[in-house]
Amino acid sequence: MKAADAPTAEAGLSAIPRHVAIIMDGNGRWAAARGLPRLEGHRRGVEALRRTVRASIDLGVEYLTFYSFSSENWRRPAQEVADLMGLLKLFIRRDLATLHDADVRIRVIGARDDLSPDIRVLLDEAETKTRANGGLTLIIAFNYGGRAEIVRAMRRIALGVAEGTISPTAIDENLVSRHLDTAGVPDPDLLIRTSGEQRISNFLLWQIAYTEFVFLDLHWPDFDRAAFEAAIRTYGARERRFGAVSAVESKTG
Ligand code: IPE
Ligand code: IPE
Ligand code: MG
């Protein structure tokens with residue numbers, strides 16, 4: 001047995017999803033329930049994110065995607081938007097060296113152009129510094145919207161067609177995937193959303209075609225290793241059919 005398998009076996013986890021995507025929701029409600037400002041909920045949310053990165057490394061998850069700021073989150077009060085931008089900067093400044101030491105490769109998806117220059121520089125630095133790392137791939141969806149991502153991909157493809165580098169008959173699912181921000185990343189196996197909401201909120205629309213969804217009632221700042229392992233156990237008990245007949249049935253039938 002590989003050393004990396006030990007925590008998995010210990011936790012009784014049969015199948016570890018290769019790619020886990022998380023909609024971190026409920027920071028505001030977590031804070032409100034305690035009479036705290038929403039910012040405190042977001043701060044505690046960053047701690048939950050750190051815990052989840054560590055757990056993913058331990059468990060052998062290969063890709064971990066966090067929905068950190070949606071293209072619709074600009075509709076929030078200016079102060080909250082500024083707080084969320086500030087927390088992202090703080091996270092990169094404080095955690096980049098530790099993540100790099102842990103062999104984590106960072107990727108950022110979303111519309112980079114609308115962000116302030118200081119954030120763009122930090123995100124570029126995080127990606128460049130960790131580019132050659134071979135451990136967990138940590139994908140931060142920031143100023144990300146699934147529809148906007150598909151539109152960006154369509155523009156790139158249309159440009160290729162106009163320039164003569166892409167033939168219209170060569171456009172297939174694979175080519176579309178390769179023009180998305182997530183190019184080269186396998187589709188998520190498991191998507192977790194906290195806070196009890198059961199919606200996608202414009203996250204990874206193309207990529208979740210056959211993803212298993214787990215919705216949890218707890219708020220994101222309360223998400224811990226036990227909750228993560230429970231979600232992975234739920235995932236492990238599912239049968240993924242991808243449109244085919246049940247493997248159990250086809251064996252007996
Ligand atoms: C998730 O928590 C964090 C972001 C969307 C950035 P929320 O801020 O959405 O918290 P609730 O949903 O209002 O409780
Ligand atoms: C989704 O959460 C976006 C992130 C977690 C970054 P929201 O709280 O913004 O989603 P809605 O508005 O409840 O759908
Ligand atoms: Mg929310």
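Visitor: How many residues surround ligand 1, and which are the closest?
Guide: Ligand 1 is surrounded by 13 residues (a heavy atom within 4 Å of it). Met24, Asp25, Gly28, Arg29 and Arg76 are the closest. This is a predicted model, where local features need pLDDT of at least 70 and side-chain atom pairs pLDDT 80 or more, while totals for chains, interfaces and linings use all residues. Residues are numbered from 1 along each chain as its sequence is written, chains are lettered from A and ligands numbered from 1 in written order, and side-chain values use heavy atoms, without hydrogens or water.

Visitor: What does Gly28 do with ligand 1?
Guide: A polar backbone atom of Gly28 is 2.9 Å from an oxygen atom of ligand 1.

Visitor: And how far from a ligand 1 oxygen are Arg29 and Arg76?
Guide: For Arg29, a backbone N or O atom lies 2.7 Å from an oxygen atom of ligand 1. For Arg76, a polar side-chain atom lies 2.7 Å from an oxygen atom of ligand 1.

Visitor: Which residues are around ligand 2?
Guide: Ile23, Met24, Asp25, Tyr67, Ser68, Phe69, Ser70, Asn73, Arg76, Arg193, Arg199 and Ser201.

Visitor: How far are the arginine side chains from the oxygen atoms of ligand 2?
Guide: A polar side-chain atom of Arg199 lies 2.8 Å from an oxygen atom of ligand 2. For Arg76 the distance from a polar side-chain atom to an oxygen atom of ligand 2 is 3.2 Å, and for an N or O atom in the side chain of Arg193 it is 3.3 Å.

Visitor: Where does Arg193 sit?
Guide: Arg193 is in strand β5, residues 190-193. Helices (H or I, at least four residues) and strands (E, at least two) are DSSP runs, numbered from the N terminus.

Visitor: Is Arg193 buried or exposed?
Guide: Arg193 counts as buried because its relative accessibility is 4%, where the limit is under 20%, with over 50% exposed and partly exposed in between (1.4 Å probe, protein chains only).

Visitor: What does the Arg193 side chain reach?
Guide: The Arg193 side chain makes a polar contact with the side chain of Asp25 at 2.8 Å, and reaches the backbone oxygen of Arg199 at 2.7 Å. A polar contact is a pair of N or O atoms within 3.5 Å; within protein, one must be able to donate a hydrogen and the other to accept it, and sequence-adjacent residues count only if both atoms are side-chain atoms.

Visitor: Different topic. Where is Thr211, and what does its side chain reach?
Guide: Thr211 lies in the loop between β5 and β6 (212-215). Its side chain reaches the backbone oxygen of Pro188 at 2.7 Å.

Visitor: Why does Thr211 count as buried?
Guide: Thr211 counts as buried because its relative accessible area is 10%.

Visitor: What else is Thr211 in contact with?
Guide: Leaving aside neighbours within four places in sequence, Thr211 is in contact (heavy atoms within 4.5 Å) with Pro188, Asp189, Leu190, Leu191 and Arg240.

Visitor: Back to elements. What do α2, α3, β2, α4 and β4 each supply to the lining of the largest pocket?
Guide: At least two residues each, from α2 (27-32), α3 (38-59), β2 (63-70), α4 (78-101) and β4 (137-144).

Visitor: Which gives the most to the lining of the largest pocket?
Guide: α3, with five residues.
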